[in-house]
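User: Could you take a close look at one part of this model for me, the salt bridges and the helices that carry them? I would enjoy one connected walk through the details.

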Amino acid sequence: MALLALLALALLLTGAAYATVAPESATAESAPSVSDVEAGRQLFVVGCASCHGMNAQGVTTSGKGDNPGNYGPSLIGVGAAAVGFQMETGRMPMAQTAPQAVKKHVEYTQDEINQIAAYVATLAPGPSRPSDEDIDWQSVDEEGISEGGEFFRTNCTACHNSVGAGGALPSGRFAPSLKGVEPIHIYEAMLTGPQQMPVFSDDVLTPEDKRNVIAYVKTIQQQGNAGGIGGGGLGPVVDGMFVWVIGMGGLTAFAVWIGVHGTRSKKR
């Protein structure tokens, strides 16, 4: 009996210690109503289950090997944030199978999206949607914008470019432009890591860090081009192309025109 009591005490202490130091899973800030969850489940069965499964477990293809692929991945544990990002940008439902879901017209109303998000959030703990404070980038001071720029240049420029102009990736994928993207969707993309994008959880980038990144992106997008044409902010290679093709090309064409139409002297 003493050994059993000692074992039970050890298990209790271990569980308490883990609960103290383990990061908490993000969950919805307020529990959704039963009616919203049920309405979301009905919408999911009609519009999403053909790819993601009746219970959101995903639908695999008939391919061979250890990685047969799937029509739609499992949504268990993705949270309301993933649903909000994918559906409010029109990426879901996909019009056709492709290497990457693209932004398009939104197919569902906001209430329907909220209901589907409420249903998916009940399947397992997952990232909840950010609060208004989390995306209030206009309240960030210059120091925060500078820190956000450091985070962005370190983690994001390889794909999205230093000013968020986007760029090409292998296998038909691409990093979309961040120009005009809503702050909540930038936040949710960092939080959930859609498709090939890595996940920047709150343990990697805190909510304050994410807000600073958004502030940096929005600030540089509002800046003008004091030197004239900006070339899309695509970097020195594109700037050099403008100089050689337009600048040097224009000067060469003008020099040829002068040579053709200028005064000529003939030797007698």
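Analyst: E38 and R41 sit 3 residues apart in helix α2, about one turn of the helix. Helices here are DSSP runs of H or I with at least four residues, strands are runs of E with at least two, and both are numbered from the N terminus. An α-helix has 3.6 residues a turn, so residues three or four places apart point the same way. The two side chains form a salt bridge, with the closest N and O atoms 3.4 Å apart; the term asks for a side-chain nitrogen of Lys or Arg within 4 Å of a carboxyl oxygen of Asp or Glu. E38 is partly exposed at a relative accessible area of 36%, and R41 is also partly exposed, at 33%. Here buried means under 20% relative accessible area, exposed means over 50% and partly exposed lies in between, with a 1.4 Å probe and protein chains only.

Before going on, please keep in mind that this is a predicted model, in which local features need pLDDT of at least 70 and side-chain atom pairs count only at pLDDT 80 or more, while totals for chains, interfaces and linings use all residues. Residues are numbered from 1 along each chain as its sequence is written, and side-chain values use heavy atoms, leaving out hydrogens and water.

Helix α2 (residues 34-47) also packs on helix α5 (residues 110-121), at an angle of about 100° and with the axes 7 Å apart. Because angles of 65 to 115 degrees count as roughly perpendicular (under 35 is roughly parallel, over 145 roughly antiparallel, the rest oblique), α2 is roughly perpendicular to α5. R41 turns up again here: on the α2 side the contact involves D36, V37, A39, G40, R41, L43 and F44, and on the α5 side E112, Q115, I116, A118 and Y119. Contact means heavy atoms within 4.5 Å, and the axes are lines fitted to C-alpha atoms, for helices over the stretch in contact, with angles running from 0 to 180 degrees between N-to-C directions.

The structure holds 4 salt bridges. R129 pairs with E188, and the closest N and O atoms are 2.5 Å apart. This pair ties together distant parts of the chain, 59 residues apart: R129 is in the loop between α5 and α6 (142-155), and E188 is in helix α8 (residues 183-192). Both R129 and E188 are buried, and together with E88 they are linked in a network of salt bridges.

Where does E188 sit within its helix? It is among the buried residues of α8, which are P183, H185, I186, Y187, E188, A189, M190, L191 and T192. With 9 of its 10 residues buried, α8 is largely enclosed by the rest of the structure. Those buried residues pack against α4 (79-88) and α9 (207-222). Just after α8, G193 takes a positive phi of about 60°.

One further salt bridge joins K210 and D202, the closest N and O atoms being 2.9 Å apart. K210 is buried, with a relative accessible area of 0%, whereas D202 is partly exposed at 33%.
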